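Here's a quick look at charge pairing and a bit of greasy surface.

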Amino acid sequence: MEVQNFTIEGRNAVLEALRSGKTIDRLFVLDGCQDGPVRTIVREAKKSGSLINFVSKERLDQLSETKKHQGVIAYAAAYSYATIDEILQKAEEKGEPPFLILLDGIEDPHNLGAIIRTANLAGAHGVIIPKRRAVGLTATVAKTSAGALNYTPVAKVTNLSATMKELKEKGLWFVCADMQGEVMYRQNLTGPIGLVIGNEGDGVSKLVRENCDFTASIPMYGEIDSLNASVAAGVLAYEVVRQRISETNQ
């Protein structure tokens with residue numbers, strides 16, 4: 001898919017994008033602006049579930065590429081989001097227990113793109129990201145994924161913890177990446193599983209961790225104390241792969 005035109009500026013362009021059904025990840029609006037067209041844009045954005053940020057003129061000027069933003073800038077998704085059901089259906093079609101990767105607040109688009117690439121290669125059926133405090137499917141994410149977004153669906157949800165509870169009712173269980181957890185080689189990571197990876201700086205949030213069935217750590221022997229989020233996702237994902245292969249060969 002060609003990656004282009006994901007920053008939309010100006011009132012008419014943004015309103016047209018919203019009304020055409022284009023997925024708008026984030027909308028930046030001049031704080032305090034009560035013009036009719038801007039209020040219409042905000043109303044349409046709320047209907048579509050877009051994340052709205054009210055910011056200063058200085059911030060808009062900083063974000064603007066055209067310098068003709070007219071008080072509104074929208075970030076459109078480079079790819080369409082999938083639904084949870086579509087991801088589960090993909091697993092069912094392959095005759096495999098679901099393997100999902102859930103990301104709790106990944107903010108770096110290069111990390112997200114790399115994780116989606118790893119998810120594809122590790123045979124994960126989909127990736128789930130939260131709507132707030134996280135990067136969406138930007139052009140940088142699409143480029144970094146090296147084409148994986150064409151094959152690995154990504155769902156965007158309002159509440160990660162609520163989504164996990166719904167998936168538990170469908171038979172999934174969840175393992176959280178945590179430095180204080182049991183070493184991953186000692187954990188049983190087979191069956192329908194959701195692998196939860198946390199934010200680059202703060203890790204998995206308390207509420208999301210509480211909804212995990214257990215935690216798993218990666219053994220580390222160096223002088224520094226943590227791995228990059230996308231590398232950690234790759235190491236843990238391939239331990240899931242290793243255990244699945246071992247189970248199949250038994």
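Arg242 and Glu239 pair up in a salt bridge, with their closest N and O atoms 2.6 Å apart. Both sit in helix H9, three residues apart, or about one turn of the helix. Keep in mind that this is a predicted model. Glu239 counts as buried because its relative accessibility is 3%, under the 20% cut-off. Arg242, on the other hand, is partly exposed at 41%.

The structure holds 11 salt bridges. Here are some of them, with the N to O distance:

| Lys or Arg | Asp or Glu | Distance |
|---|---|---|
| Arg242 | Glu239 | 2.6 Å |
| Lys47 | Glu44 | 3.3 Å |
| Lys168 | Asp213 | 3.9 Å |

Glu44 and Lys47 are three residues apart in helix H2 (residues 36-48), so about one helical turn separates them. Glu44 is buried, at 14% relative accessible area, while Lys47 is exposed at 62%.

Lys168 is partly exposed at 31%, and Asp213 is partly exposed at 42%.

Now for the nonpolar side. Met179, Met220, Leu227 and Val231 make a surface patch of about 330 Å². Val231 belongs to helix H9 (residues 229-249) and is partly exposed, with 40% relative accessibility.

Key: Residues numbered from 1 in each chain as written. Predicted model: local features only at pLDDT ≥ 70, side-chain atom pairs only at ≥ 80, totals over all residues. Heavy atoms only, no water. Patch = residues over 30% accessible without salt bridge, like charges linked within 9 Å, V, L, I, M, F, W, Y side chains within 5 Å. Areas by Shrake-Rupley, 256 points an atom, 1.4 Å probe, with all protein chains shown as cover. Salt bridge = Lys/Arg side-chain N within 4 Å of Asp/Glu carboxyl O. Helix = DSSP H or I, 4+ residues; strand = E, 2+ residues; numbered from the N terminus. Buried < 20%, exposed > 50% of the residue type's maximum accessible area, 1.4 Å probe, protein only.
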